[in-house]
Structures are given as C-alpha cells and as structure tokens.
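Colleague: Before we start, could you take me through this model slowly, and tell me for each term what rule stands behind it?

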Amino acid sequence: MSLSYGPDPLSSLPSSTGQQAMGAASPVHPLASSSQPVAEAMRVTGTVQGVGFRPTVYRLAVALGLRGHVLNDGEGVLIHLAGTQAQLSQFVANLLKEKPPLAKITCIQRQPLPLDAITEANFTIVESQHTPACTEIAPDAATCPQCLADILNPRRRHFRYPFTNCTHCGPRLSIIRHLPYDRQSTSMAWFEMCPSCRQEYQDVGHRRFHAQPTACPVCGPKVWLERADGKPSNPSLSLMDEAEAVATLILRGEIVAIKGLGGVHLACDATNDAAVQNLRERKHRYHKPFALMVKDLDAIAPYCQVSPPEADLLQSPAAPIVLLTRLPTPPSLSPALSPNLQTLGVMLPYTPLHHLILQRLDRPIVMTSGNRSDEPQCITNEAVREQLGDLATYFLLHNRDIVNRVDDSVVRVVDSQPQILRRARGYAPAPIALPAGFEDGSPVLALGGELKSTFCLLRPGQAILSQHLGELENAAAHQGYRQALDLYLNLFEYEPAYLVVDAHPEYLSTKLGQDWAERQGLPLTTVQHHHAHIAACMADNGLPLDTAPILGIALDGLGYGDDGTLWGGECLLADYRQYQRLAHLKPVALLGGTQAIRQPWRNTYAHLIAAFGDWQTVQNAFPKLDLVRFFKNKPLALLESMLAQNLNAPLASSAGRLFDAVAAAVGLCRETATYEGQGAIELEALIQPHHLEAAQPSAYPFALQGTPKTIGARSPRPLPEETHRLDSASEPQPLILNPAPMWTNLLTDLQQNTPPALIAARFHLGFANALATLAHHLAQRHQLTTIALSGGVFQNQILTNHVKQNLQNLGLTVITHQQVPPNDGGLALGQAVIAAAQVAQPPPG
C-alpha cells in the first residue's frame, strides 16, 4: 500500500458543457467517421508537471502515429492531437493506464479543433508557456529503484553521484521558484547540462527525458565536507569520497550536519550513547525523541515491529518518518533516543546522498533537524556555518540551493490505515480533493493557528495545504511562515478574495490576517478553533458541503472559545457553516497561564482543587501520599491567591491539560515538560496490552454534571431515560463532563501503590468510555449517526482506538483523520472550508 495524493482519477471527475471528463465519450466531430482524421485539444490537470508527463504523452502519441504537440503551462499540460477518432480514444485510454508513477490526473478535458489547427507533420514537445497558475506541483520524491541502481553500479556514469534523479524521483517543491516547472524555474538553473546529460534529457526513450533537475558529476551540483571550526580535515578522510568520509565520522562518534533535500539534518551513531547524549546537550533537546534512518527494511527488523502497511509507507515515494513499535529489547540502541517511549520514528534513505552514506553503516543513525530546539531547520550553507558550529563537528554541504524548507513528514498506522501527524516532505503541496459542493468556491486563504502552523489556499475543488512550518511564537519560524506564504502566492499566482483566521486574538497568524484584510480591503472570517478541527476532519473524509450536522469531539491543548475562555475538551454539533457547543470538560484553572503547560504539576494541583474543593481536604484524605508531600515545597499560598482573585489563572476545558495533570500525578515529567505533549505521550507509553485487559473492570469513572450518574467505569451503554429528561431541561446549557470521581479513584490507587501503568490504563479506558457514553447520548438526543474525532489529543492511539470501537459498538459511524493531521497542522484546511461554505450560503443570523 502506498499513500495517494488525491482521489482515484476515474472515480471523481469534473465535467462541463463542451468538455469531457476523462473516461467519458470523446467530443462529437461533425461529419467525421471513425476512420477520418480529426483534431482535438486535451487539457490535462492535476500533478502533471515535473513528473515525466510530457515524455509519456510524446511516447504514446508517436506509438499511435498521431500529429501535434504537448506543452506545459500554468494550468497543467495542453495537448493538441490529430488522428482518427479511434486513435484519439486509444491515446486517452493508454495515457490513463500508463501515466508516470508520480503523476496524478485530476481531469482530461477534450474539445474539438479544426484539423488545420494542427500544423506539425509529426508529434513534438514545444516550449512551456506562462499562463495563470492552476496546475499542481509535485512533492519531492524518494530515490527510485532505477536511480539507486545507477549510483551503485561502477559502470554507470552516475556512479556514487549524490544528486542523481529522473522524472520518477528527486527534488520538486524544495527547488522550485515559480511555474511552469522547467529547469530555469528552479535552483538548477545555474547548472548547464553537459552533452551526455542533454542527450538523455532530449531522448524521448530515456527516463530522464525532460527531467528538470537531471545532472551528473561533470555538470551538476557538488558536495563537500568541511570542519565546523574551519581547520583542515583529517588527512585520512581525503582518501575517501564525501559519503564514505561522513560514514567514517559517524562511526567514530562525531556529529555531522548533512545538507539534504529540504533542509539540514544532524546525524550521529544511534548505537553510541555518548554521541546521542552529546547531541541532546548541544541541541538543548533533552527528551523529545530523535528520528532514525536505516539503510533498508532488513536493517529495521532487529529494532522494531514493521507491519505490511508500515513497510509500504517506508518504501513509498513520500518516504516519511513512520512511528514504529520498538521491540522489547532492541540491541545496542542508545536509551536516549526516545526516553520513556515504546516507539521509534524511523525512515529510509530518500536521496542518493543518504543511500551512499548508509551503504557503509550496519546500524541506525540519528537524523534530526539541523537547528536548535524549536527553531526551523537550516537550509543555507551560511546558516549552517553560523548556527550549527557548536552543534556539529563537520558539515557536509552542497551548492544546490534549497528554495523551500520542507521538513520530514511523520506518519503512523492506526487500524491498518495511515494517519499523517506532520504533513511536509513527500505530501505537500499535493492538493487535497475537496468534497462535493466545493467545486466552484471563491479564492479563500486560511492562515492556520499558532502551533504546527500551516496555511491553506482553496481552489475550485481543491485545497493546497502548505507544508508544516513550525511554531509561530519562534521569530525564525514566523519569518519562515511569511516567506513560505509569499512563495505559494507567487507560485500559484494566487489572489485571495477572502481571508480566514483563528478566533484567538493573540495568535500571530490572526494578527497577520487582520492587518492584511485591513490593508487590502478584503473580507475577514474568524473561525472558532475546534469548529475548524471538526470541519477539517469532515473534509478529510469527503463529507459533502450540504452534509447535515454531525457530532464532533475535539480534544486538544487549548483554543479560544466563544465565551472568552479557553476550550479544549469539546462536543460540538457541527456542519461546515456553523456549530453548537453541546458538552465539554469541566473548566479548570491554568495556574500561571502558559507556565502551566511547561510545569505540569500546576495542572495537577488545579485539578485536585477543582475535584476536592480545597487543598486541606486532599491532605486530610491522603496525608502520606508522595504527591501530597511533593506540593509542600510549592508556593501553595500564592497559587490559592491566584485562584481566589482570578489572577493569571484562566479557565480551560482542556483535555491536553487533563492528560498533563494525570501524568504528573503518577510521576511523569512532574516538574517540567520539555516538549509539547510530553506527559500525555509518556503516559500512553506506559501501557501494554495486558494493562488494558487488567484495567477493564476498574476503569475510572467521570461525572456527567447535572445528572446523578457517573460514566466511564464500564463499557458505554445508553443512559437511563431520566438522564435524557434532566439534560433536556437544561437546554441550551452544555453538559459538563467532570473528572472529579476519576481523581478520587486515582489518588486511592496511588496510596495503594498501584503500578503507574495500570493507573494510566484505568484513566485511558475511563476517559474513552465516558466520551463514548456522552457522545452516544448526544447522538440519540439530536438524532445523529456520525461522530468525528479531531484535535491533537487524538494522536493518542489507545484513546482513539477505544473511543472509536466503543462508538462503533453502539452503532455509530466514526470518522478520523488520514490525509491531514488531527493536530493544528490540519487547522487551516478546516478554516478554509468553513469560510467557503459560509460564502456559498451564509449561516442564519
């Protein structure tokens, strides 16, 4: 299995009067019989530039004896053909069957032409034309098997050449400056082809025919190795080529900065604990897991379980980082790679340079972003020398400019289906097909959120979601976001008619949109954070524009609510245009505001006060508890004053902070979290299948405020009839899911020295049961059958699987994310489709 970048081109095809969608009947040519010559113009749209499409068209046309030409322009590929009606129909059938591996055909529109409009005596490829950009740009693609064979074969002229590529693989987004996708539009423009490369480039039978980045050791980019301190390299390294030298340095325990496809990586030996610890210290990345690269699937086997879907992902053209379950006792790996976790993020080599380095290495290597923690990765040689000199001892650099920073994508497999957690290299900027009803939308630009930022451009029937651009609170990331936005607008020649932002007034993306709208006089739509999450999930699953409201469960860290408080544990009745808040987690104070995110113990204390009323009650009930003793050294008087006076203690119905509080209570990163979601990730990692089995009879209960019932302690089942009556009387006030009973049970377990893994399992099952019970109740009340799960907390596989299974057992349809992340990386897509839906038909009121 491999991930596709859009719908099957034969299953969802636009057509219009006078134009035929691909696979439809050919145009009617007046007075023409099937054996008489006719002429047609064929407009092919989709991912059809930079993927060897024109050479394929040429080969197929010549094989059928057709006359005419093919060219690239801003709309895609334009083909003019002359031949018999039967030949033209056969050409279309062959094109659909034999399109290049990286091509995605959205539509073929066919129109009759006068026969004398075709002046060519045979078929030819003509120079690209510049027209308004409506075409698609292919993502960067991993090295294909043919190019890999070239670089490993001493008889081939590309032997050990680190920039080998063809129309089936290599750089695309990372090197393009503008459309159409021709060499002069990329960072390869400075490298003039040698006669041998030009011969291949012009040879219609060669896979490098019109491969724009094609190059060889004679004429192409060069790679070199230099010491970070500027001193001469060790003489022994001069006897090797650069890839061999890097492999040698890694085996010696050195840290090497490697300039790659979309950015720079820092690499070291993953089996050398001293090297890994050294990298953590230098990078100031103390706990967040490192990604690994291994040379092939066989090299993963000693370390991780790899299912067939995971193997397909690893070997796909996208070649993402795939989260794999590590084996119980993997040999020789540094324990500092992914502290306290049961997964490893693994990828295979995706450039010739990576393949050459890994050829000599029989072990995994760390391949983490070349930056200081939380900053965007370097992409220029100058930035590497300025910023990474005290992180790496050697630099492997080259002179092919990286025009667009593109991080490695991150994917995991859930229920045998891929779930993208970070959408970047290999996936962006391939368009996402929009559901029915969005075919004729106005140009909408959505600017996303603050964390895991992306932006989204809507075109008729398509969403162009940018690659992952990082955290906007970081100045360098914010600058990179602005640069990427400018590039996409220029690349696609895009002029938005509507701007969309998050409702949070302090998000930098929101402020950018507000300034932009005021400066340009554009309409500005503000979208509530969790409504955007649910809309993104709906669009991800192809729900049409006119879909009736569904129930969305959005769980994340926080988002700005309509009432001015922070939300993060929401049940929404939602469609694309509007939503209603039906239920939520009980709001609990964020003591110290954002400081509570960095210091999880603050969340634990706030939740205990909310559950028990005051700290004295907790002390009296659990006087010998280690957790209670821990708080004796904290400024409780100050915290109580903040709560009493509502000073820097905003209320938040945040599921993310609930997970932080539980993790800190059982002793996980209690003092400080060094990366986002650390507590929740480590809490999930404690749990093994036998813990879930043992926890089933004793899952923690939650309270449904306004009813006498607790839910969550057992598998979901319909609530009693009196609960329906009680809830109906309280409309339109949302129901509140209160974790107070859970805390009583959790502290009791701590007091009885229950293993933390069992506590974690009881919490996960209890929360999943409670959410499913609440969702089923709301679905019954509002006559709903579909439930959407979105938000960063649903990256938790145990929670997602159990909520989904519980709801399915109750007869409900559950949709989750696949093409876009459930976290804020998918937020811009949701914003965009909401705005487009509201433009098409404004909500009442």
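Colleague: How many salt bridges are there, and what makes a pair of side chains count as one?

Modeller: A salt bridge is a side-chain nitrogen of Lys or Arg within 4 Å of a carboxyl oxygen of Asp or Glu, and by this rule the count comes to 27. This is a predicted model, in which local features need pLDDT of at least 70 and side-chain atom pairs count only at pLDDT 80 or more, while totals for chains, interfaces and linings use all residues. Residues are numbered from 1 along each chain as its sequence is written, and side-chain values use heavy atoms, with hydrogens and water left out.

Colleague: Why is the pair R59 and E98 called a salt bridge?

Modeller: The N to O distance between the side chains of R59 and E98 is 3.2 Å, and the rule asks for a distance within 4 Å, so the pair qualifies. R59 lies in helix α1 (residues 53–63) and E98 in helix α2 (residues 85–98), so the pair ties together parts that are 39 residues apart in sequence. A helix here is a DSSP run of H or I with at least four residues, a strand is a run of E with at least two, and both are numbered from the N terminus.

Colleague: Are R59 and E98 buried, partly exposed or exposed?

Modeller: Buried means under 20% relative accessible area, exposed means over 50%, and partly exposed is in between, with a 1.4 Å probe and protein chains only. R59 has a value of 39% and E98 has 33%, so both are partly exposed.

Colleague: What makes R207 and D150 a salt bridge, and which network does the pair belong to?

Modeller: Their side chains meet at 2.7 Å, N to O. R207 lies in the loop between α4 and β6 (223–227) and D150 in helix α3, so parts that are 57 residues apart in sequence are tied together. D150 has 4% relative accessibility and therefore counts as buried. Salt bridges that share partners join D150, R156, R157, E200, R207 and R208 into one network.

Colleague: How do you know that R183 has no salt bridge?

Modeller: Lys and Arg count as positive and Asp and Glu as negative, while His and the chain ends are not counted. For R183 the nearest side chain of opposite charge is E192, and E192 is 9.1 Å away, whereas the rule asks for a distance within 4 Å, so R183 is buried yet has no salt bridge. R183 is placed in the loop between α3 (145–152) and α4 (195–202).

Colleague: Which backbone oxygen does the side chain of R183 reach?

Modeller: The side chain of R183 reaches the backbone oxygen of Q212 at 2.7 Å. A polar contact is a pair of N or O atoms within 3.5 Å; within protein, one must be able to donate a hydrogen and the other to accept it, and residues adjacent in sequence count only if both atoms are side-chain atoms. Leaving aside neighbours within four places in sequence, R183 is also in contact (heavy atoms within 4.5 Å) with residues including M188, F191 and P213.

Colleague: Why is α19 called mostly covered?

Modeller: Eleven of the eleven residues of α19 are buried, among them R657, F659 and D660. At the N-terminal end S654 caps α19, with a side-chain oxygen 3.3 Å from the backbone nitrogen of G656. Just after α19, G667 takes a positive phi of about 100 degrees.

Colleague: Which peptide bond is cis?

Modeller: The bond from A428 to P429 is cis, with omega near 5 degrees. P429 is in the loop between β15 (417–422) and β16.
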